[in-house]
Amino acid sequence: MPLPYRGRGSRLASSRVASTSVHSPRRAGRGAPSSSHALRLTRRRHSSEQVPPGPEPQADFRSGKWLQEHAGGDARDSQQTARAGMGSRHRICSQEEVVIPCDSDNDSGSVDLQLSNLEDIKKDPSSLELTDSDIFDITGLSQESFIDSFRHLTQQGPVSEANVERLIQSIQEVFNGELQSEFEKLTFLRSLSSLSQTLPYDETTESFIHSHITDIVHVLNMLIEEEPLHSLFSSVRQEVFITIANLSYQDIHLLFGSEDRADLFSLITKSIITLPSVETLIQLQEIMPSGSYNTECLYRQTFQAFSEMLQSLVVKDPHLENLDTIFKQMDPWLQSTKDHERERATASMAQVLKCLSRHLSLKLPLRFQRLGHFVALMALLCGDSVTEVAEEAAEGMHCLLHVTLRLKCTIYDKKNHPNLRRAMKKCQELLELYSIKQFYSCPFKIAQIFEAFLNSNELFQFVMTTLDGLENLKHPCTQKSAGELLITMVKNAESRFEKVPEIMGVICARLSIISQPRVRRQIINTVSLFISRPKYTDIVIGHLLCHPVPYDRHLAELWRTLEVELPSTTWILWRLLRKLQKCHNEPTHEKMAYVAVAATDALYEVFVGNRLQAATFRLFPQLLMTLLIQIHHSIGLTMSDVAVPSGLYTGQEMSSEVTPLCFAIQATKSLLLRTLCWQEFNIMEKNKGWTLLEGKECHLQGVSLLANALLERNHLLAQKVMYLLVPLLNRGNDKHKLTSAGFFVELLQSPVARRLPSIYSIVRLKDWLHHGNRVFKFLALRGLRYLIKHQDMREDIRSLLPCILDLLCETDEKIVLLAIQILLQLVGTMDFTTLTAMMKTLFTLFGDVRSDVHRLSLTLFGASIKSVKYTDKKGVENQVLDSLVPLLLYSQDENDAVAEESRQVLTICAQFLKWKLPQEVYCKDPWYISPSEAGTVCKFFGKKCQGKVNLLAQTLMFSKNAKLPIRRAAVLFVGLLLKYVDCSELRTKGTDWIENEGSIY
């Protein structure tokens, strides 16, 4: 038995919101102002009004006769039921004129915004209140509410219980059988539509439909699948759309809530959107005439039914769940590469937005989380190459702004209320600034307006969608719009973005496909905007450094053409430099960080582009030293010694010629050239300075060469580098410190060095003298040699004499030579104790195998003798006497410089002893060639040293010298001495062994 009727009031029965559809002719609004061009165009393209009617249909399934035959009852009731399902117009084009009720479009069809009601806001922006009237004023939409929007639909009377039973029975039969003919299909669909009108007052209908929703969805899915995808010869699709719309108005949603319903939604959307263009459909009709339908008219009615079906889904959508679902379905079609598909999707969404804006009654929580994506997609469509698509999108943007304002008013709490007021004020100001009639067709103006209302996540969606638009190679205008939107949004949103690395990743990936110079410039400027904002600088740089080196031409172009305002250039270059500097703090035994190589290559590209020239000059000291340190770290390394992130070079082969060192060298060269250090560059080229820098053993020589070149040619820059190095010398690892110290030491030649506090100069050099690394000792002595030229610094250096004297015993020749050179400068200021200690040490260096050490030790010994005060002469006389034999024998050295220095020091010793040497001492010929001269010398020293020095003992010690000339001279000298020494005297001194040794020779 059927359930009893419930005592509910009758409900409006019609299934359409025709007033919200731009595809409907305006019969009810005669005498009203004309609609906008976009609205008129939409009607012309998709409405049946403008199309010549087709032939009379074979059967009128909405006639009273049909309903009476299938449901019983009187014809009057049947006709009312038919009209309820019909929605006040025929389903198929006929000779009868189509009339659809519709409201006047005084305020709904045009995109013209009315600003006349904003005067109060302009006069007192602080008093802005977020009311519905303000929102309607700003967007140009009337405040007239459509909460009771069904008022224009036909009021239908109740269907008899018997008719309801017959409708249910006919529908039930379909569930248990099959639909073969078009007649059966249409009968089923119209029965279901008619039955849906009884839902407000019939519990039997409600129970039946709710219990058979799965069956209904299945049948509808089957009906759509049976329709051909590439032709339109029946009105089945149209009836499916109408049926779904009728049920939606009764809160029975067949497209939401389960997987099978979602599949149905996807299927019916595809079935209408992917139909061939109208022109193609007409051609198909000419080839295969259907006879019953006018294809063009049928298409327009079918599309109108589809549009109205979508609108029915958002009439009651307080949480925007349905809008979210619709947008997900339409999203791929809005981005279709086929013009007619994109146009259909855009027209549909425009009408959905228009309907939604009319019936908007939002409640929390809101389920629509893709506002940024939606805005960007519609904005891109506003710049579409197809005029109809652009105008439909502009119509949709008009309504979307209204929806956005209401949405934001709903979700903003009191804490964020001032932010919304500011956003509303900005929106109002921009709308006043631009020409409102053309506003919505201008993408970058749309971005300016909507930016104020999008949160950080929505901004991210907007940017990512816009970047996807860059892939549209078929339509260059879409790329152009994307570039305008992107640069405008990033410029206006300032620092409100999130997920910047993801944005940078997409931008870098898209660069290779952007061929338009203007768009390419806009994309690079977008990166420039991000990188110039301190909040994002490190993020952007970090992402750009995660690409393979050497950079491809697209990333190289990006680095070279960064457009940054002057105040930001230094900040950006400094942050890039810091990425490299941080890598120099890592232990040297570990693999080099990939960031170090990438940052070096990035610096090279920046220098080549020369867009950050002012910052390059300002940061020259830091840049130069960092790159020299990078060179030191890179010596001997290949890319296999770099910690390359996994997957970075997938499918790519790294050339063996690509090394960290080559990046560092080329960056250093570019730096010198871009900072006008051309002379310094030439000095490095002529003296093979770059080769020196690349050598493991000679790196510091290259550093020294460059430092001296800079000091010679650009004293001001050299001073800046020196002041920079003061705090850097004790930072970083050993290679960092060594390179810094090597450059710093050379700059101590500058007169400005005397101004440095002692703690930064002499004290630091003293620490290096005690360093375990010999290179630091060498650098310390080199620095002291430069500083000792300043008289006011000598006193401080004298305190380091004990340390310097200890270095005379070093095995490193360079260290000993430098120590002697410094001591030569200080010998005149030494006290007697220090002087005698030094002379003893120097005496041990006589005969050193290192000829330069030997020679300089002789020179310093001679200088020491000269520095002895008259009162201290007795204290050093024995040392002088003991040095005579070594000096005399080394005057016969094969090294002319050593021999000459020995003669000079021998002269100094003679002067100290007040002796007058015979001229034969200065003879340069070897003694064995001139025995007579040797005899004269021997006789002189034998007499002078008698009783003072054991000449024979000293001489015999040299008889085993490694050098043949010295051994020969020693033997000859011993033989000659024996002639002038009494043997009894030798025995009394206990020197019998001398005779024995002498007999050997």
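Start by selecting Asp339, which is partly exposed at 33% relative accessibility (buried is under 20% relative accessible area, exposed over 50%, partly exposed in between, with a 1.4 Å probe and protein chains only). You're looking at a predicted model, where local features need pLDDT of at least 70, side-chain atom pairs count only at pLDDT 80 or more, and totals for chains, interfaces and linings use all residues. Residues are numbered from 1 along each chain as its sequence is written, and side-chain values use heavy atoms, leaving out hydrogens and water.

Arg342 is buried, at 2% relative accessibility.

Next stop: Arg575 and Asp538. This salt bridge has its closest N and O atoms 2.9 Å apart. Arg575 lies in helix α26 and Asp538 in helix α24 (residues 534-544), so the pair ties together parts 37 residues apart in sequence. Arg575 is buried at 15%, while Asp538 is partly exposed at 29%.

Stay with α26 (residues 566-583) and show α29 (residues 620-634). Helices here are DSSP runs (H or I, at least four residues), numbered from the N terminus. The angle between α26 and α29 is about 25 degrees, with axes 10 Å apart (axes are lines fitted to C-alpha atoms over the stretch in contact, and angles run from 0 to 180 degrees between N-to-C directions).

Methods: Helix = DSSP H or I, 4+ residues; strand = E, 2+ residues; numbered from the N terminus. Salt bridge = Lys/Arg side-chain N within 4 Å of Asp/Glu carboxyl O.
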